[in-house]
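Thanks for asking for a second pair of eyes on this one. Here are some notes to read alongside the picture, written for someone meeting the structure for the first time.

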Amino acid sequence: MTDWTDPETFAQALDEVETKEKGNCFEDFAEGDVIEHDPGLTLTQFGSEKWMSQTLNHDPAYWRSDAAAARGFEEPPVHPDYLTAATLGITVEDLSEKGGYFLGRTDVRFPEAPVYTGTELHVESEVVNTATSSSRPEYGIVSWRTRGKDAETGDVLCSYERTNMIPRREPVATDGSGAAATDEGADDGPDLPETFVTPEGGYFEDFVDALEQADDENAAVAYRHERGRTQDDVTVASLPLSTLNTAKQHHNVDVMSDSPSGNIVTYGDVTRSTALGHARSDEQTWREVGFDDESFHTFVAVGDTVYAFTRVLEAENDASSDAAGTVRFQHIAFNQDDEPVYSGTRTAEIQKRSK
Ligand SMILES: C/C(=C\C(=O)O)C(=O)SCCNC(=O)CCNC(=O)[C@H](O)C(C)(C)COP(=O)(O)OP(=O)(O)OC[C@H]1O[C@@H](n2cnc3c(N)ncnc32)[C@H](O)[C@@H]1OP(=O)(O)O
């Protein structure tokens, strides 16, 4: 009688049986398809606090009712990064569980902010673009518009457009491996301003003053934040799973040892939220408005440390409250070797010094 647990027999059986697959390949997506994601998630205080604590987002308005009231919230709301991560995590099983990396995201918006704990999230995605990767024939590139809705009212709470590399079932013929390796980036050396201005404080006026100072010179308002967060099992594997993100990239070392990263990697939303946490620790945030042009440049893995760098792009004396003005930033997350791992622009309302 066959001993199915005999190592040689079992190895052969594994080789010959089919695998009941999870997730979808590139060929499964067609422009215009709408996918309703089955997993739902109740946005809890515990989930939001766990996310915030581990990513160093310690803004008291999300932790304490008196600080929340001072900012015009009924109670501490769900943190927008947790809401964003949950709106993406829920989609992974259908969109990207097959593998392939999160390349970028844009137009992240929160039309019904603030969102309070206890809200049930229902998420749907529409395929907006599918493209061949000229440099990687075994992958295609897919973009989706995703909307996270209040399951009860249907109100859109978070929406964005995201792009991933997605494995193909069959590699496609391309015009050659060198296609992406153009030397477009042939380096003329860095082209940076002479001076870097750091805002004196974290209020709206400090950003306005710094921009005015930079305007007078060949200068930019750009600075780094001191905090770093070394990636560990909690940030790499536990946080994505807490948003129902089933991407093997974050929790299956076995499969990932044979992938471009060679190991499990940090969920992009953890990387960016950690960098944003560092940046927010040096400003007086009033409200988050949105995020654009987000890109993930290279992998972050256990043992890597996530730091943050900020450029202030513009400031406008106009916001949802007289207590704040609006500032547009570029945030760059980088690792211990000073390599950029994430970049994106962020629009946020920043509290004024004089209320
Ligand atoms: C899985 C998950 C969540 C989820 O489940 O969802 C995650 O959280 S995972 C962690 C976060 N993530 C990462 O850790 C990835 C970091 N990244 C890299 O490590 C490298 O990027 C790479 C190894 C993936 C690729 O390496 P690479 O092949 O050298 O990279 P590129 O040549 O730059 O990109 C290849 C092709 O993608 C096109 N492309 C790039 N960016 C965009 C964009 N924003 N929009 C549209 N197209 C884009 C590019 O135009 C090229 O297209 P072509 O093949 O046609 O030239």
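This is a predicted model: local features need pLDDT of at least 70, side-chain atom pairs count only at pLDDT 80 or more; totals for chains, interfaces and linings use all residues.

1. To find Ala-220 in the view, look for strand β8, which covers residues 219-230. Setting aside neighbours within four places in sequence, Ala-220 is in contact with Pro-193, Thr-195, Phe-196, Val-197 and Ala-214.

2. Next, please turn to Glu-294 in strand β9, which runs over residues 285-296. Glu-294 counts as buried because its relative accessibility is 2%. Its side chain makes a polar contact of 2.5 Å with the side chain of Tyr-342. Not counting residues up to four places away in sequence, Glu-294 touches Leu-103, Gly-104, Arg-105, Val-108, Arg-272, Tyr-342, Ser-343 and Gly-344.

3. For a contrast, move to helix α1, residues 7-16, where you will find Leu-14. With a relative accessibility of 54%, Leu-14 counts as exposed. Together with Phe-10 and Val-17, Leu-14 makes a nonpolar surface patch of about 290 Å².

4. Now for the ligand: which residues come nearest to it? Of the 29 residues around the ligand, the nearest are Ser-96, Ser-133, Ser-135, Arg-136 and Arg-162. Strands β3 (102-109) and β6 (156-167) each supply at least two residues of this shell, and β6 gives the largest share, four residues.

5. A polar side-chain atom of Ser-133 lies 2.4 Å from a ligand oxygen atom. Phe-102 takes part through its backbone, with an N or O atom 3.1 Å from a nitrogen atom of the ligand. A polar backbone atom of Gly-268 is 2.8 Å from an oxygen atom of the ligand. As for the ligand's overall cover, it exposes 1,100 Å² when taken alone, and the protein buries 74% of that.

Note on methods: Residues are numbered from 1 along each chain as its sequence is written. Side-chain values use heavy atoms; hydrogens and water are left out. Patches are made of residues with over 30% relative accessible area and no salt bridge: like charges are joined within 9 Å, nonpolar side chains (Val, Leu, Ile, Met, Phe, Trp, Tyr) within 5 Å. Accessible areas come from the Shrake-Rupley method with a 1.4 Å probe; for residues, only the protein chains shown count as cover. A salt bridge is a side-chain nitrogen of Lys or Arg within 4 Å of a carboxyl oxygen of Asp or Glu. Buried means under 20% relative accessible area, exposed over 50%, partly exposed in between (1.4 Å probe, protein chains only). A polar contact is a pair of N or O atoms within 3.5 Å; within protein, one must be able to donate a hydrogen and the other to accept it, and residues adjacent in sequence count only if both atoms are side-chain atoms. Contact means heavy atoms within 4.5 Å. A residue is near a molecule or strand if one of its heavy atoms lies within 4 Å of it.
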